[in-house]
Amino acid sequence: MISRLLTLIAAILLWLTPALADNTVVICKKDMTLRVIDSEHKVVFQTGIACGTNRGNKTRRGDHKTPEGSFKINQIVPSSYWDHDFKDGKGKIKGAYGPWFMRLAVPGFTHIGIHGTHDPASIGHRASEGCVRLKNSELIKLHKLVNIGTRVIILPENQAFDHSRNY
């Protein structure tokens, strides 16, 4: 009985995976919003973000800019036990990345991703070292809509999201 149940669960997951891969994440730094667009070009999820402290496209490590362009999610890992020192005198903060870290395949950079935050007040502001932050509750919702291979488009700094465009 258990093996049949596991087989059924695996079949359902395989059936769902392509649908998730068809979703596209579009991040707009201009309006500080992340949107998930489905295969029919409809917005199925939208939430506020925080992005890099500095404006422009990421060119070097430590520039505190969020990269611009088209990328893929290449890893999704639990990150609730991770800590980070923001160099603000408070030391290491446990859970700084929230429950998930969705690593993006950004050429030349290995530590750029979409993740949660210990500081929900940072959402809507330029507050990160280059990653895209969401409220943890919103990250949990996003996690259900993406998988490895999902395309992530980060629009150039001054480009607004265009509802009429097929991303």
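Reader: How many helices and strands does the chain have?
Author: This is a predicted model, and its chain has two helices and twelve strands. Along the sequence they follow the pattern α-β-β-β-β-β-β-β-β-β-β-β-α-β. Buried residues make up 41% of the 167 residues.

Reader: What makes E138 and K141 a salt bridge?
Author: The cut-off is 4 Å between a side-chain nitrogen of Lys or Arg and a carboxyl oxygen of Asp or Glu. For E138 and K141 the N to O distance is 2.9 Å, so the pair qualifies as a salt bridge. The two residues are three apart in helix α2, which separates them by about one helical turn.

Reader: Which residues of α2 are buried, and how do you know that they share a side?
Author: E138, L139 and L142 are the buried ones in α2. They cover an arc of only 105° around the axis, so they sit on the same side of the helix. The buried residues of α2 pack against β1, β2, β3 (43–48), β8 and β9 (113–115).

Reader: Which residues touch the most other members of the largest nonpolar core?
Author: That core has 23 residues, and V25, I27, L34, L104, I114 and L142 touch the most other members. Two or more residues each come from β1 (24–28), β2 (33–37), β5 (69–78), β8 (100–104), α2 (136–143) and β12 (151–154). Apart from this core lies another, of seven residues, including V26, C28, L155 and Y167.

Reader: What is L34 in contact with, leaving aside its neighbours within four places in sequence?
Author: The partners of L34 include V25, V26 and I27, then F45, Q46, T47 and I49, and also I114, L134 and L142. Across the whole chain, residues 24 or more positions apart account for 54% of the contacts with a separation of 6 or more.

Reader: How many salt bridges are there, and what makes R55 and E157 one of them?
Author: The structure holds eight. The side chains of R55 and E157 meet at 3.4 Å, N to O, and with the cut-off at 4 Å the pair therefore counts. R55 lies in the loop between β4 (51–52) and β5, while E157 lies in the segment after β12, so the bridge ties together parts 102 residues apart in sequence.

Reader: Are R55 and E157 buried or exposed?
Author: One of each. R55 has a relative accessible area of 58%, and exposed means over 50%, so R55 is exposed. E157 has 16%, under the 20% limit, so E157 is buried.

Reader: What does the side chain of R126 meet in a salt bridge?
Author: The side chain of E157, at 2.0 Å, N to O. R126 is in strand β10 (residues 126–128) and E157 in the segment after β12, so this bridge links parts 31 residues apart in sequence.

Reader: Which residues do salt bridges that share partners join into one network?
Author: K29, R55, E68, R126 and E157.

Reader: Which residues form one aromatic cluster?
Author: Y81, W82, Y97 and F101. A search of the whole structure finds five aromatic pairs.

Reader: What is the phi of H41, and what is the phi of H64?
Author: Most residues other than glycine have a negative phi. H41 has a positive one near 65°, and H64 has a positive one of about 55°. H41 is in the loop between β2 and β3, while H64 is in the loop between β4 and β5. At 40% relative accessibility, H41 counts as partly exposed, and H64, at 29%, is partly exposed too.

Note on methods. Residues are numbered from 1 along each chain as its sequence is written. This is a predicted model: local features need pLDDT of at least 70, side-chain atom pairs count only at pLDDT 80 or more; totals for chains, interfaces and linings use all residues. Side-chain values use heavy atoms; hydrogens and water are left out. A nonpolar core is a set of buried Ala, Val, Leu, Ile, Met, Phe, Trp, Tyr and Cys residues joined through side-chain atoms within 4.5 Å. Buried means under 20% relative accessible area, exposed over 50%, partly exposed in between (1.4 Å probe, protein chains only). Helices (H or I, at least four residues) and strands (E, at least two) are DSSP runs, numbered from the N terminus. Contact means heavy atoms within 4.5 Å. The arc is that of the directions from the helix axis to the C-beta atoms. Rings of Phe, Tyr and Trp (its six-membered ring) pair if their centres lie within 6.5 Å; planes under 30 degrees apart count as stacked, over 60 as edge-to-face and the rest as tilted.
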